[in-house]
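Okay, hi everyone, I've got a few minutes to walk you through one model. Have a look at it on the screen while I talk.

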Amino acid sequence: MNFVERYEAAGIAKDSISPANIAAIVQKANVVFTSNSNRTIDSATILQPQVKPINSAIFRQIDCWRAFSTNIEISALSWGILGQILWRLKIPPIAESPNAVKQRAKQAAELLIQNNQPYSSIVLVAHGGINSFIAKELILLGWQDSRNINGQHWGCTKYSLPNSYFGNQRKVGQKATCG
């Protein structure tokens, strides 16, 4: 079993508790989206057990993991950071190109916006890497962030349309970045 498979299989720690303010945001949501990763589905269930999350591969983490042939033992976070640095520098092998990630993030942002129409509040529980790309797309499409962008574990950033769009403030993606 490779690192990514072991990481996914580990799931969310049973004693993992989300901050109360994040849980409160998610519990107000009408719809919860997640990636198709068991870790994000489990995180969403911890945050909002009453709503069955809608999962989609479009929200999956950026595929920047690498199989390093080394006996060095470092944390999952360190492996993740190293993989992302190499990916951003476009050092082969690259499983998913930055352009492909940008395109997927644009599609993900459009999906969130489409689903904001029938619902007043939606949440995306996903991974930090793809979340940053989705955030850029939401902002390019006219959404405003809460100015407290938080990419931390159990972090959250809220996005809303300015009053000029519909004459009132509507929120999309009170976006909890978990995992």
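Let's start with strand β3, residues 122-126, which is mostly covered: five of its five residues are buried. Buried here means under 20% relative accessible area, with exposed being over 50% and partly exposed in between, using a 1.4 Å probe and protein chains only. And when I say strand, I mean a DSSP run of E with at least two residues, while a helix is a run of H or I with at least four, numbered from the N terminus.

Before I go on, this is a predicted model, where local features need pLDDT of at least 70 and side-chain atom pairs count only at pLDDT 80 or more, though totals for chains, interfaces and linings use all residues. Residues are numbered from 1 along each chain as its sequence is written, and side-chain values use heavy atoms, leaving out hydrogens and water.

Back to β3. In a regular strand the side chains alternate between the two faces of the sheet. Here I122, L124 and A126 point one way, V123 and V125 point the other way, and all are buried.

So who sits beside β3? Strand β1, residues 31-34, runs parallel to β3, and four bridges join the two. Two strands pair, by the way, if DSSP finds at least two bridges between them. V32 stands opposite V123 in β3, and the partner of F33 in β3 is L124. F33 also has a bridge partner in β2, namely I54.

Which residues of α4 are buried? They're W79, G80, G83, L86 and W87. Seen down the axis of α4, they fall within an arc of 130°, so they line one face of the helix. The arc is taken from the directions from the helix axis to the C-beta atoms. If you're wondering about the spacing, an α-helix has 3.6 residues a turn, so residues three or four places apart point the same way. Just after α4, K90 takes a positive phi of about 60°.

Keep W87 in view, please. The structure holds two aromatic pairs. W87 and F133 form an edge-to-face one, 6.0 Å centre to centre with 80° between the planes. For the cut-offs: rings of Phe, Tyr and Trp (its six-membered ring) pair if their centres lie within 6.5 Å, and planes under 30 degrees apart are stacked, over 60 edge-to-face, the rest tilted. W87 is in α4 and F133 in helix α6, residues 128-140, so the pair ties together parts that are 46 residues apart in sequence. W87 counts as buried at 2% relative accessibility, and F133 counts as buried at 7%.

Last stop, strand β5, residues 155-161: six of its seven residues are buried. It pairs with β4, residues 144-145, in the antiparallel sense over two bridges, and D145 stands opposite Y159 in β5.

Zooming out, the protein chain has seven helices and six strands, and buried residues make up 44% of its 179 residues.
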